[in-house]
Amino acid sequence: MHHWDKSLLARKPVENAPHLKFLRLIMHTMKTLFALLLLTCTAIAQQPSPQATPKSGADFAKTSDQQARDVIAKCIAALGGDAYLNIKDIEQVGRGYGFYNNAPTGIGIPYWRFYQYPDKERYEFTEDRKWVIIHNGDKGYEVTFRGTAPENAKDHDTYERRRHYALDYVLRDWIHQPGVAFFYEGTTIVGPKTVYQVTVMDAQNRGVTLFIDASSFLPIKKSYSWRDPQYKDMNTEEELYDEYRPEQGLPTPHVITRVYNKEIQSQRFISTVKYNTGMSDSLFVPQTLNYNKMKK
């Protein structure tokens, strides 16, 4: 065991020794700096971060509305801008196919279509063009070898619903109606294409969703749902647009596919298209009703 000198153990430290004064100065400085650093960190932690501030519902709705409007404006521009918005009539020739269980049911039938925006349309079917469907305003007629008759009520209701959701009607009329709302729903995939998804809803809460190519801004698909008045279930109808080619300088889809509750219902292949031909209104005026169901 070491024997320590008691006089050394009893000796008090020299308070004013230079090295002790220097040591106390360093310790005081470090304590001061640490306290300032702690106060600064606390203040920063309590300061609200601008990035962390959530958007209000109104701000989010405004952003969504503006994004949707911007996408639709670019879509209209891609379709031809003012030239598209001022189309007065369209004449088409093509072949249509019906489907069952997503498979075509036959070789298709030729058709001729005459259309005046917004509510006049005439279809002539078969090679002899003697089967005719005419729509003029809210009236529909069917012409066959048996004569002219009002269109079947169910078929007419279907036509009127589809006319209300027609792409050109949505882009030229619907988006300007009072009380319409726009919703931007981001991007998704339709077939091989990345598309913007935008929903437009009118004042009666009827909505149509447009899927617009993220590269070309041409519409790729349109979708809407409606409730069956008899069975009360919801049905979804979609229309897909493909094989765009310029016709008189306007990008025009030459394949149109209609889907009903996820099953292909019909497909149209358009061979020729003409715009603004100045067609006569008489095309949409049927002959006198003279249907004779006994005629063979």
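Predicted model: local features only at pLDDT ≥ 70, side-chain atom pairs only at ≥ 80, totals over all residues.
**Entry 1**

I number residues from 1 along each chain as its sequence is written, and side-chain values use heavy atoms, with hydrogens and water left out.

The side chain of Lys120 meets that of Asp119 in a salt bridge, N to O, of 3.9 Å. The criterion is a side-chain nitrogen of Lys or Arg within 4 Å of a carboxyl oxygen of Asp or Glu. Asp119 is also partly exposed, at 22% relative accessibility.

**Entry 1: other salt bridges**

I noted a count of 14 salt bridges in the structure. Side chains of opposite charge can pair when their charged atoms come close. Glu124 pairs with Arg122, and 2.8 Å separates their closest N and O atoms. Glu124 and Arg122 are both buried. I also recorded that salt bridges link Arg122, Glu124 and Arg129 in a network.

What is the N to O separation in the salt bridge of Arg161 with Glu237? I read 2.9 Å between the closest N and O atoms of Arg161 and Glu237. Arg161 belongs to helix 5 (residues 153–164) and Glu237 to strand 12, so this pair ties together parts that are 76 residues apart in sequence. Helices (H or I, at least four residues) and strands (E, at least two) are DSSP runs, numbered from the N terminus. Both Arg161 and Glu237 are buried.

**Entry 2: backbone geometry**

I checked the peptide bonds and the phi angles next. Most residues other than glycine have a negative phi, and most peptide bonds are trans. The bond between Tyr117 and Pro118 is cis, with omega at about 5°. Pro118 sits in the loop that runs between strand 3 (109–116) and strand 4 (120–125).

Two residues other than glycine were noted for a positive phi. The phi of Glu243 is near 55°, and that of Asn276 is near 50°. Glu243 is placed in strand 12 (residues 234–247), whereas Asn276 is found in the segment after strand 14 (263–275). I list Glu243 as partly exposed, because its relative accessible area is 42%. Asn276 is likewise partly exposed, with a relative accessible area of 42%.

**Entry 3: the second largest pocket**

I then turned to the second largest pocket, whose volume is about 160 Å³. A pocket here is an open set of points on a 1 Å grid (1.4 Å probe) with protein on both sides within 12 Å along at least five of seven lines, and lining residues have an atom within 4 Å of a point. The volume is the space filled by probe spheres set on the points.

Which strands each supply at least two residues of the lining of the second largest pocket? They are strand 9 (193–201), strand 10 (207–213) and strand 11 (219–227). The lining of this pocket includes Tyr165, Thr199, Met201, Arg206, Thr209 and Tyr224. By class, the lining residues divide into four nonpolar, six polar and one charged. Ala, Val, Leu, Ile, Met, Phe, Trp, Tyr, Cys and Pro count as nonpolar, Asp, Glu, Lys and Arg as charged, and the others, Gly among them, as polar.

Thr209 counts as buried because its relative accessible area is 15%. Its side chain makes a polar contact of 2.8 Å with the side chain of Thr199. A polar contact is a pair of N or O atoms within 3.5 Å, one able to donate a hydrogen and the other to accept it; residues adjacent in sequence count only if both atoms are side-chain atoms. Residues up to four places away in sequence aside, the contacts of Thr209 (heavy atoms within 4.5 Å) include Glu185, Gln197 and Lys221.

Is Asp202 buried or exposed? I found Asp202 buried, at 2% relative accessibility. Asp202 lies in the loop between strand 9 and strand 10. Its side chain joins that of Trp174 in a polar contact of 3.4 Å. Neighbours within four places in sequence aside, Asp202 is in contact with His164, Trp174, Gln177, Gly179 and Val180.

**Entry 4: totals**

Of its 296 residues, 35% count as buried. Among contacts between residues at least 6 apart in sequence, 44% join residues at least 24 apart.

Technical notes. Buried < 20%, exposed > 50% of the residue type's maximum accessible area, 1.4 Å probe, protein only.
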